[in-house]
Amino acid sequence: MRVALGVSYRGGAYKGWQSQPGGGTVQDRLEAALAQFAAQPIRTICAGRTDTGVHGLNQVVHFDSPVEREPFSWVRGTNRYLPPDIAVQWSAFPGDDFHARNWARGRRYCYLLLESNVRPAIESGACGWIFRPLDGDAMRDAAARLIGEHDFSSFRSAECQAASPIKQLRAIDVHRRGSYWRFEFDASAFLHHMVRNLMGCLIAVGTGNRPASWIDEVLAARSRDAAAPTFAPDGLYFVGPYYDAHLELPQRTAAMDWLP
């Protein structure tokens, strides 16, 4: 039986999603918990890998189960063996040919940013921080120039393993609530560090260091050297993938209502 899970996690204590020989990743902890619950080794495939310090709201994984369990049992049984900062949110049986990565129609990220003279304390590790005032209209102007299908080489890390730098960025929404800015990104797929590199450029525009039109130059350059430095991972959340409606896989988790 092929099982799909929605998993949320706080990434500060982990070396990203993908399993590593030395352990210490979200995937390592999830697979260890699944193995304890199922009493057999289980390997998972995720919809989108996240880096060190990046959080997940609705990471979707699939695996082939050697045992049969009810959906609620996969949630409660697996969570019994997980640490407090990782939790399975839902489970489903979408069919034996379902693939969490290949079947995704798109992916969403959001970045939570605090604008304040003082660094975060209670929300430390859960949001980015900027002490200079930001111009929302200028950032929205810059964001609009990024929408569409482009070569995003200027926003790609040197370690990126994607076959092509051409991606379709479908939407960037910029909102403010009190002292917090929320940037929402929707794309067909993302390159390694793409959102953090986009954030570095949007903030350069928002602080007045660059005009919004500079984004056109960065895109055209197709060179990482043309863009701003990579922004911190603290405020980055993988909102999750989305799929064809007939699969009826949840696209929301409770944590999405927690973010400002």
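Biologist: Is Asp-216 buried, partly exposed or exposed?

Modeller: This is a predicted model, so the answer is a computed one. Buried means under 20% relative accessible area and exposed means over 50%. Asp-216 has 35% relative accessibility, so Asp-216 counts as partly exposed.

Biologist: Which residue forms a salt bridge with Asp-216?

Modeller: Side chains of opposite charge can pair when their charged atoms come close. For Asp-216 the closest N and O atoms of the pair are 2.5 Å apart. The pair links distant parts of the chain, with Asp-216 in helix α5 and its partner in the loop between α3 and β7, 71 residues apart. The partner is Arg-145.

Biologist: Is Arg-145 buried, partly exposed or exposed?

Modeller: The limits for the middle class are 20% and 50%. Arg-145 has 28% relative accessibility, so this residue counts as partly exposed.

Biologist: Which residues make up the salt-bridge network that includes Arg-145?

Modeller: Arg-145 forms a salt bridge with Asp-216. Salt bridges that share partners make one network, and its members are Asp-141, Arg-145 and Asp-216.

Biologist: Which residues of helix α5 are buried, and why do they line one face?

Modeller: An α-helix has 3.6 residues a turn, so residues three or four places apart point the same way. In α5, which covers residues 214-221, the buried residues are Trp-214, Ile-215, Val-218 and Leu-219. Seen down the axis of α5, these buried residues fall within an arc of 140°, so they line one face of the helix.

Biologist: What covers the buried residues of α5, and which exposed residues are on the face turned away?

Modeller: The cover includes α3 (136-144), β7 and α4 (194-206). The face of α5 turned away from its buried side carries the exposed residues Glu-217 and Ala-220.

Biologist: Which residue just after α5 takes a positive phi?

Modeller: Helix α5 spans residues 214-221. Just after α5 there is a positive phi of about 50°, and the residue that takes it is Arg-222.

Biologist: Which residue takes a positive phi in the hairpin of β8 and β9?

Modeller: This hairpin has 2 residues between the strands. The phi in question is near 65°, and it belongs to Gly-178.

Biologist: Where is Tyr-109 found, and is Tyr-109 buried or exposed?

Modeller: The UniProt annotation "binding site", from an unreviewed entry, covers Tyr-109. Its contacts beyond four places in sequence include Arg-49, Phe-183, Phe-190 and Tyr-237. Tyr-109 is found in strand β5 (residues 106-115). Its relative accessible area is 11%, so Tyr-109 is buried.

Biologist: Which residue forms a salt bridge with Asp-64?

Modeller: The whole structure has 11 salt bridges. In the one with Asp-64, the closest N and O atoms are 2.8 Å apart. The pair links strand β3 (residues 55-64) to strand β1 (residues 2-9), 62 residues apart. Asp-64 is partly exposed at 49%, while its partner is buried at 15% relative accessibility, and that partner is Arg-2.

Biologist: Which residue forms a salt bridge with Arg-252?

Modeller: Both residues of this pair are exposed. The closest N and O atoms are 2.6 Å apart, and the partner of Arg-252 is Asp-257.

Key. Residues are numbered from 1 along each chain as its sequence is written. This is a predicted model: local features need pLDDT of at least 70, side-chain atom pairs count only at pLDDT 80 or more; totals for chains, interfaces and linings use all residues. Side-chain values use heavy atoms; hydrogens and water are left out. UniProt positions are given in the numbering used here, feature names are shortened, and annotations may be inferred rather than shown by experiment. Helices (H or I, at least four residues) and strands (E, at least two) are DSSP runs, numbered from the N terminus. Buried means under 20% relative accessible area, exposed over 50%, partly exposed in between (1.4 Å probe, protein chains only). Contact means heavy atoms within 4.5 Å. Two strands pair if DSSP finds at least two bridges between them. The arc is that of the directions from the helix axis to the C-beta atoms. A salt bridge is a side-chain nitrogen of Lys or Arg within 4 Å of a carboxyl oxygen of Asp or Glu.
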